[in-house]
Amino acid sequence: MTGDGKTLAIGGFTATEAEALAAEFSAPHLASPDALEAQPGVEVVAYKGGAPFGAAEMDLLPDLKLIANFGVGYDAIDIAAANARGITVTNTPDVLNDDVADLAVALTLAQFRRLAEGDRWVRDATWGGREMPLVRKMSGTTVGILGLGRIGREIADRFAAFKCPVHYWSRNPKPVPEGWTYHADPVSLAGAVDILVVATVGGRATRNIVDAQVISALGENGVLVNVARGSCVDEAALIDALNAGDLAGAALDVFASEPDPDPRLSGFEQVALYPHGGSATVETRTAMAELQRANMHAFFDGTPLPTPVNG
Ligand code: 8YV
């Protein structure tokens, strides 16, 4: 058995994912890093979830050499601590781009067209004899993509198909179709658009990148869409702006505190909500799990890791 006694699965794996890790690596499954105890001999951790995995956890596993993360975002893992200990980290990029981009558009449409409200009108028979109040057209609305990486680009392409003029912010201008507009800072981007989609990486570098100033620039016709990380948005500033009517609405897949978001967010009819599921389709989660295990197999086989993020 590959990795027998050398592998641990830590985090919120589904039964199917945990079974595959057990079958291919005989990896025991801990639901959370909180349950971790000192365990020499473990060389590989298959990781999933947003709970922090830092120096303290790494030091319980003195022989650790690889953390194979389930997810493209690895902000839960302290990369500096991993580097200091010679631990390689891998992630699962690309296979989820389409799904996350699909959800960004779906949530934006849900906000503009008030899909949750419309669903309730039909189910509760509120509809009988009355019409739902008119909503807002999304097609053609100017969109700003904050972070034009692989996922951001997929999101931009989709909005372009909805005839939305595309603006973007990235650390540097990117090769993009003619007519897309680059902004050197997030405030300038927010000021130019009515839909602002957050598609940056998480972590310290983007903490509160959408702050009160960006929200204010987005303005009373603006809708904030976040499919990146809750940490990218100053949620208190967002809630203040929604309460004051300084922002038209929001569409959120991610939250500052998961899985128990600020309950005030549920009180806004103008906010579309989703439980952090951008990549949560059967097809994509299967592909992510396979890529995670491919990295682990490569480690044990001594072949190049498919998707390393450090080292
Ligand atoms: C998953 C994600 O929710 O890939 C990411 O960075 O946030 C999502 O695809 C996560 O990986 C599951 O823990």
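I looked up Arg285 first: an N or O atom in its side chain sits 3.2 Å from an oxygen atom of the ligand. Taken alone, the ligand exposes 330 Å², and the protein buries 86% of that. Accessible areas come from the Shrake-Rupley method with a 1.4 Å probe.

This is a predicted model, where local features need pLDDT of at least 70, side-chain atom pairs count only at pLDDT 80 or more, and totals for chains, interfaces and linings use all residues. Residues are numbered from 1 along each chain, and side-chain values use heavy atoms, without hydrogens and water.

Next I checked His276. An N or O atom of its side chain is 2.8 Å from a ligand oxygen. At Gly49, a polar backbone atom is 3.5 Å from an oxygen of the ligand.

Lys48 in β3 is the bridge partner of Gly11. β1 and β3 (residues 44-48) pair in the parallel sense over five bridges; pairing takes at least two bridges in DSSP.

Is β1 buried or exposed? Five of the five residues of β1 (residues 7-11) are buried, so the strand is largely enclosed by the rest of the structure. Buried means under 20% relative accessible area.

Last, I followed the chain onward. β1, helix α1 (residues 15-25) and β2 make a right-handed β-α-β unit. In β2, Leu30 is the bridge partner of Ile10.

Conventions. Polar contact = N/O pair within 3.5 Å; in protein donor to acceptor, adjacent residues only side chain to side chain. Buried < 20%, exposed > 50% of the residue type's maximum accessible area, 1.4 Å probe, protein only. Helix = DSSP H or I, 4+ residues; strand = E, 2+ residues; numbered from the N terminus. Right-handed = clockwise from strand over helix to strand, strands pointing away.
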